[in-house]
Amino acid sequence: MFRYIAKRLISMVPVLIGVTFVVFAIMYFTPGDPATLLLGEEAPQAEVERMRERMGLNDPFLVQYGNFLLGLVQLDLGLSLTTGRPVFNEIMNRLPATIRLAGAAILVAILIGVTAGIIASTRQYTIYDGGAMFIALLGVSMPNFWLGLMMILVFSVFWNNTFGYVLFPSSGFGTLRHLVMPAIVLGTAHAAFITRITRSSMLEVLRQDYIRTARSKGLSNRIVVYVHALRNALMPVVTMAGLRFGVLLGGSVVTEQIFAIPGMGRLLVESVRSQNYTLVQGIILTYAIIFSLVNLAVDLLYAAIDPRIKVQYK
Amino acid sequence: MATEATAVKTSARRKQRTKLQETWRRLKKNHWSMGGLILIVLLGLVAIFAEQIAPYGYNEQDYMNMLQGPSRQNLLGTDNLGRDVFSRIIHGSRLSLSIGFITTAIGLSVGGFLGALAAFYGGRIDNLIMRFMDVILAIPGFIFAIALVTALGPSLTNLMIAVGINTIPYFARIIRSSVMSTKENEFVEAARVIGSSDLWIIFKHLIPNSLAPILVQATLRIGDTIIIASGLSFLGLGAQPPLPEWGALLSAGRGYLRVAWWMATFPGIAIMITVLAFNLLGDGLRDALDPRLKN
């Protein structure tokens, strides 16, 4: 098991180095001079030139990239061009809110998705199946920012107009009540996606011979479905849900925007608007690292579910 | 000799056609997908005849008639500048559908070409191309698109380029695996023997044979790209005012949510119906082209 983890960790490194290169290159070729942005438009030319020298902006591209990588391994991502504070600290301030939101959303998605998928597959071609699949289809077709606005409209605006109080607050962060709407908004598309894969995967597994054997042994339907079928059916679900986690991270940017959550996504949009390139660069890298770590976790989980992988790396 | 060749050609073509007909026959039996297809055709007609259908221009302002709810004159109400929301959505269908098709076309052509090259030559080229695709896929798509739009500057064209680049790896992967499995066929060797160039073999023989998975992927991607693009416009990083792109309409409606619910509600429904249509068709195509479900 340890060798497996080590192997996966090592295989992550070249991809992440590639990511740093792509992100650095994009920001390098973005018009706008970071030194001018940091000092302001009115700064004298000589001052800007000195700053450019100090920030290493006059070095060749590869030297700059090398310095960027050197800084990166020491967790130094440069300075924010608007506040002058270290980018790393700015990101760390905003990271907890994003992780909390994404975690809550994935929890919502798994709970709803797996449950609905099981119900649909064990009652194939009934109204439950049709209903669950139709709702799931709507769920994957709906832009989450629209769902967010609609939920605010219903649970904050209309609810307040009718009952005189706000059921779920539409902005802010901190309490569980603040988290309900954003988690549902961000989790819905993922839940719909998980429902669809769980159903098709369960249907495939339920047709297998060993399921028939289990049934003919006289095991109850519940044990056959939850113990024998579900464990195997969940494997593709885990893989696909992990791969699609990137979509969820992307969705969190918009969700944070709608519900005024002080997370990384909001910081990203603010930085794009204020042309704060060092911060944009750092945030994108952080998202890529989170995404890679989640996929690593998925692989480990996969190994835990599937004993064949464990045996390979004994 | 010549007649023999034409005979082989026509029989091959007939076989191709029957495969297509077979797919169409199975697709027709799926009512949901046909519903999706009909919806897509209708949306296409709406986009083409937007000028004729919309009662007002997309930027026709009426300061005496601002933020009015749905009525006989303004079916879906008016916005903060007195513009007819229904007309803006109708005109917006042109933008959102073009975004869907153009971004997917970018991803399909570039990704398809790279994927075919990778599979055809294998070895170092394959490794180089596919590792680069892995790198792009390691950055969450929406966030990568934000980075590209930051570099290119927010506009409709740059939005399409950014979202298009995003879809490249998906097509590259699919076409690579499909070409990998077809390139071992005898007809490829035959083509090589008669002196066809590599590019000719790739474009004439290998890519057409990968049509089924490409078609499914493209149909499902169009829906995805419409959502991603409207999300970027929602953040102000895509279509700029006064363009009636659906995401931009939603973004404008957000500020008036408490006084004019219709401004944000209807553009979202338009996006949902469009994406739903492509998803329905894509799901149906996948089932119809799946050899395992053939009976």
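**Figure 1. Chain B of the predicted model, seen as a whole.** Of the 295 residues that make up chain B, 44% count as buried. The coordinates belong to a predicted model. Chain B holds 12 helices and zero strands, and its elements, read from the N terminus, follow the order α-α-α-α-α-α-α-α-α-α-α-α. The C-alpha trace of chain B spans about 80 × 45 × 35 Å along its principal axes. When contacts in chain B between residues at least 6 apart in sequence are considered, 70% of them join residues at least 24 apart.

**Figure 2. The side of chain B that touches chain A.** Contact between the two chains involves 34 residues of chain B and 37 residues of chain A. On the chain B side, two or more residues each are given by helix H5 (123–138), H6, helix H10 (211–234), helix H11 (246–254) and helix H12 (261–289). H12(B) supplies the largest share of this side, with nine residues. By class, the side of chain B that touches chain A comprises 22 nonpolar, eight polar and four charged residues.

**Figure 3. Packing of H13(A) against H6(B).** This view shows a helix pair drawn from both chains: helix H13 (residues 277–305) of chain A packs with helix H6 (residues 141–152) of chain B at an angle of about 160°, and their axes are 10 Å apart. Because angles over 145 degrees count as roughly antiparallel, H13(A) and H6(B) are roughly antiparallel to each other. The crossing in which H13(A) passes H6(B) is left-handed. H13(A) contributes Val280(A), Ile284(A) and Tyr287(A) to the contact, while H6(B) contributes Ile143(B), Ala147(B) and Thr150(B). Five of the residues in the contact of H13(A) with H6(B) are nonpolar and one is polar, with no charged residues.

**Figure 4. The largest nonpolar core and the surroundings of Ala145(B).** The largest nonpolar core has 151 residues. Ile284(A), Ile143(B) and Ala145(B) are the residues with the most contacts inside this core. With residues up to four places away in sequence left out, Ala145(B) touches Ala162(B), Val163(B), Asn166(B), Ile228(B) and Leu232(B).

**Figure 5. H10(A) alongside H13(A).** Within chain A, helix H10 (residues 221–243) and H13(A) have axes that come within 9 Å and cross at roughly 170°. H10(A) and H13(A) are therefore roughly antiparallel to each other. From H10(A), the contact draws on Arg231(A), Leu234(A), Met235(A), Val238(A), Thr239(A) and Gly242(A). From H13(A), the partners are Val294(A), Asn295(A), Val298(A), Leu301(A), Tyr302(A) and Ile305(A). The residues of the contact of H10(A) with H13(A) fall into eight nonpolar, three polar and one charged.

**Figure 6. Ser98(B) in helix H4 of chain B.** Ser98(B) is located in helix H4 (residues 85–121) of chain B. Ser98(B) counts as partly exposed because it has 14 C-beta neighbours inside 10 Å. Ser98(B) and Met160(B) are 62 residues apart along the chain, and their C-alpha atoms are separated by 9.2 Å.

Note on methods
Residues are numbered from 1 along each chain as its sequence is written. Chains are lettered from A and ligands numbered from 1 in the order in which they are written. This is a predicted model: local features need pLDDT of at least 70, side-chain atom pairs count only at pLDDT 80 or more; totals for chains, interfaces and linings use all residues. Axes are lines fitted to C-alpha atoms, for helices over the stretch in contact, and angles run from 0 to 180 degrees between N-to-C directions. Helices (H or I, at least four residues) and strands (E, at least two) are DSSP runs, numbered from the N terminus. Angles under 35 degrees count as roughly parallel, over 145 as roughly antiparallel, 65 to 115 as roughly perpendicular and the rest as oblique. A crossing is left-handed if the near helix is turned anticlockwise from the far one by less than a right angle, and right-handed if clockwise. Two residues are in contact if their C-beta atoms, placed from the backbone, lie within 7 Å. Ala, Val, Leu, Ile, Met, Phe, Trp, Tyr, Cys and Pro count as nonpolar, Asp, Glu, Lys and Arg as charged, and the others, Gly among them, as polar. A residue is buried if 20 or more other C-beta atoms lie within 10 Å of its own, exposed if 12 or fewer, and partly exposed in between; C-beta atoms are placed from the backbone. A nonpolar core is a set of buried Ala, Val, Leu, Ile, Met, Phe, Trp, Tyr and Cys residues joined through C-beta atoms within 7 Å.
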